[in-house]
Amino acid sequence: MLSLVLALSASAVAFTAWRWWRPTPTVSAKIRSIKDVDLNWRCDAGHSFIAKGEAGDRQCGSCSQPAYAVTLFQCPQHGATEVAARFAAGADGVPRVSQYRVHEGIWSPATESVRCPQCGAPMFRKQADPLDALSRGKKKGG
Ligand SMILES: [Zn+2]
Ligand SMILES: [Zn+2]
C-alpha cells in the first residue's frame, strides 16, 4: 500500500515537472528580407559596393548618384547580363524586387520577364537570389 502511494506521488511530481518544462509556444520566426542580406550595388556612374538591401534607391557613397542592387540574368545565346533591381515594400511590409532595368534601359515591373538586350529573348536569373539561399538554409536545418 505504501509503495502505491509513493508511486502516485512520484507520478504527480513527474506531471508537474512536465507542465513546468513544457516548451513555450514557438514565437513566429522573424521574417528574413533583403535588409538581412548583403547585395551588390552599382551606381549610375559605375561605382560598385556591397550593402544591405533596402526599399527605395540607395545613394552611392562615392559620388552621390543613385545606386541600384545588381544581379545577373542569363540569355541562352548571349550569356550573362547585369540587371539592376529596385525594391519596394509589399503589402506585408517586406521589401521585394519590384522593378528590373537592363543596362541603361527603362525600368520594367519584376512580374514581367527580363529580356535580353541583344535578341529580346526572356532571360533567366543566373545569380541565386540571396533570399532563396536563406530559405533553403532554413529548410535544411528543420
Ligand atoms: Zn558612384
Ligand atoms: Zn540574347
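Mentor: Let's begin with β1, which runs antiparallel to strand β4 (residues 66-75) and is joined to β4 by 3 bridges. Strands here are DSSP runs of E with at least two residues, helices are runs of H or I with at least four, and both are numbered from the N terminus. Two strands count as paired if DSSP finds at least two bridges between them. Please keep in mind that this is a predicted model: local features need pLDDT of at least 70, side-chain atom pairs count only at pLDDT 80 or more, and totals for chains, interfaces and linings use all residues. Residues are numbered from 1 along each chain as its sequence is written, while chains are lettered from A and ligands numbered from 1 in the order in which they are written.

β1 has another partner to look at: strand β1 (residues 38-43) pairs with strand β2 (residues 48-52) in the antiparallel sense, over 5 bridges. The hairpin of β1 and β2 has 4 residues between the strands, and there G46 takes a positive phi near 100°.

Now follow S48, which lies in strand β2. S48 is partly exposed because 13 other C-beta atoms lie within 10 Å; the cut-offs are 20 or more for buried, 12 or fewer for exposed, and partly exposed in between, with C-beta atoms placed from the backbone. Beyond its neighbours within four places in sequence, S48 is in contact with N40, W41 and R42, where contact means that the C-beta atoms, placed from the backbone, lie within 7 Å. From S48 to C60 is 12 residues in sequence and 8.4 Å in space, C-alpha to C-alpha.

The largest nonpolar core has 16 residues, and A67, Y68, V83, A84, A85, Y100 and V114 touch the most other members. Such a core is a set of buried Ala, Val, Leu, Ile, Met, Phe, Trp, Tyr and Cys residues joined through C-beta atoms within 7 Å. β1, β4 and β5 each supply at least two residues of this core, and β4 gives the most, with 5 residues. V83 has contacts that include V70, F73, Y100 and V114, leaving aside neighbours within four places in sequence.

For contrast, take A88 in strand β5 (residues 79-89). A88 counts as exposed because it has 12 C-beta neighbours inside 10 Å. A88 still touches A55, P95 and S98, not counting residues up to four places away.

Stepping back, the protein chain has 2 helices and 8 strands, in the order α-β-β-β-β-β-β-β-β-α from the N terminus on. Buried residues make up 13% of its 142 residues.

How confident is the predictor? The mean pLDDT of the chain, a confidence given per residue from 0 to 100, is 80, and 70% of the residues reach 70 or more. Helix α2 (residues 130-141) has the lowest mean among the elements (49), and strand β7 (residues 108-109) the highest (94). Where pLDDT is low, the predicted coordinates should not be read in detail.

How values were computed: Contact = placed C-beta atoms within 7 Å. pLDDT = per-residue confidence, 0-100.
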